[in-house]
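Hi there,

I'm handing this structure over to you, with some notes on what turned up in it. Have a look at it first, and then read on below.

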Amino acid sequence: MESYEVLRDLAIILFSAKFFGVVARKCKAPQVVGQIIAGLLIGPCLLGWINQTDFIAKLAEIGVIILMFEVGLESDLKELMKTGPIALLIACAGVFVPLVLGTLLYMGFYGTAPWGSENFFKAVFIGTIMTATSVSITVASLQELGKIKSKVGTTIVSAAIIDDVIGILVLTFVIGFKNPDSKPSMVILQTIAFFAIAIVGGYIVYKVFFTLDKRYPHTRRIPIVSLAFCFALSYIAEKYFGIADITGAYIAGIVLCSLSDNEYIERKSDVISYMFFGPIFFANIGLKTSFNAMNGKLFAFCICFVLVALGAKIIGCGLVGKVCKYNWSDSLKIGVGMMTRGEVALIVAQKGLAAGLLTADYFTAVILLILVSSIATPIILKLLYTRDEKKSGAAAA
């Protein structure tokens with residue numbers, strides 16, 4: 001592929017993402033839905049104008065990192081601390097219920113298997129894929145609805161971050177049981193070490209930024225250095241601790257969220273995210289989709305896989321939300337907000353492929369889950385919030 005053809009691809013992606021984003025908004029749906037549909041239309045699944053390249057995939061990864069950094073910047077640290085224990089319970093349920101139901105689903109299609117057999121590990125791994133949560137699409141929807149700083153929004157983001165950490169631990173344990181060379185205990189220690197370093201180092205970094213912010217308020221150097229800090233922590237998390245880079249980006253935002261100029265930093269970051277990296281990230285979901293390997297049994301499995309994966313998050317996270325004294329409406333929002341899957345599910349699937357726990361055919365199910373959850377979640381969230389606003393207006397009247 002000639003280097004200049006990348007420019008053509010970027011032009012098509014940005015134009016189509018913006019066009020269908022506007023169409024989605026006119027249809028009273030979140031813009032991210034239109035951007036995902038744009039990727040589906042121009043990708044190999046339908047028109048075939050653009051194939052996903054490594055370059056586009058890297059730009060999409062930068063997009064989700066910046067998005068999660070913005071979420072951290074917009075967070076209320078006091079509210080985050082308040083919802084922390086609840087978020088932990090919700091995350092645990094959001095891992096346990098999909099893990100069990102996913103394992104049972106695979107055994108229902110391909111037969112039960114004794115502990116330690118190859119089929120048993122494949123079944124457990126299908127459940128492991130379901131445990132992943134990608135909050136980026138939910139975050140974009142909540143931002144558009146103006147609910148990202150609400151108690152429900154903060155709980156969803158916190159639970160999703162914890163969910164990713166637990167999901168990585170589950171993945172390591174499953175691979176560890178199959179491969180004696182893996183050491184799950186090391187992953188636990190690495191995770192604890194990362195958060196310990198993030199707390200201590202984050203406090204030092206905050207003090208440095210506090211001094212810079214006080215001396216050079218509302219200057220462009222502050223957002224530039226902040227973005228550099230975001231990328232550095234994302235790299236450190238992934239490279240040295242095995243934690244998802246988006247978790248590092250989110251924590252970078254949390255570290256800086258108490259600065260007096262945090263809104264200024266967020267606005268500057270949002271410019272490049274909204275104009276360039278964000279549309280590429282959401283369109284890239286559609287570009288990944290292909291149904292070439294589909295057959296009858298796999299199609300039936302994919303449908304059940306999607307339904308079980310979505311339902312498991314709603315049931316597990318929603319019921320725990322209700323137990324934690326949220327009302328039924330907010331509990332449903334938490335369950336729906338946690339059901340999106342994205343890059344983490346793909347990473348887990350790729351790890352399984354490398355470990356021999358998954359064949360390439362099942363990537364279709366994972367892609368379909370990401371596509372359906374990415375489109376359905378923003379629409380359902382908007383319907384739930386619109387319904388509550390109408391009820392509140394009627395009650396006030």
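In which helix is Ser329 found? Ser329 lies in helix α13, residues 328-337; helices here are DSSP runs of H or I with at least four residues, strands are E runs of at least two, and both are numbered from the N terminus. Ser329 counts as buried because its relative accessibility is 15%, where buried means under 20% relative accessible area, exposed over 50% and partly exposed in between, with a 1.4 Å probe and protein chains only. Not counting residues up to four places away in sequence, Ser329 touches Arg387 and Asp388; contact means heavy atoms within 4.5 Å.

Before going further, some housekeeping. This is a predicted model, in which local features need pLDDT of at least 70 and side-chain atom pairs count only at pLDDT 80 or more, while totals for chains, interfaces and linings use all residues. Residues are numbered from 1 along each chain as its sequence is written, and side-chain values use heavy atoms, with hydrogens and water left out.

Now the overall picture. The protein has 15 helices and zero strands, and buried residues make up 53% of its 397 residues. Of the contacts with a separation of 6 or more, 80% are between residues 24 or more positions apart.

The largest nonpolar core holds 116 residues, and Phe69 and Phe305 touch the most other members. Such a core is a set of buried Ala, Val, Leu, Ile, Met, Phe, Trp, Tyr and Cys residues joined through side-chain atoms within 4.5 Å. Helix α3 (residues 54-74) gives the most to this core, with eleven residues. Because 15 of the 21 residues of α3 are buried, this helix is largely enclosed by the rest of the structure. Leaving out residues up to four places away in sequence, Phe69 touches Ser226, Leu227 and Cys230, among others.

Where does Ile148 sit? Ile148 is in the loop between α6 (136-145) and α7 (151-178), and is buried, with a relative accessible area of 11%. Ile148 and Ser75 are 73 residues apart in sequence, yet 8.0 Å apart in space, C-alpha to C-alpha. Beyond its neighbours within four places in sequence, the contacts of Ile148 include Glu74, Val139 and Val157.
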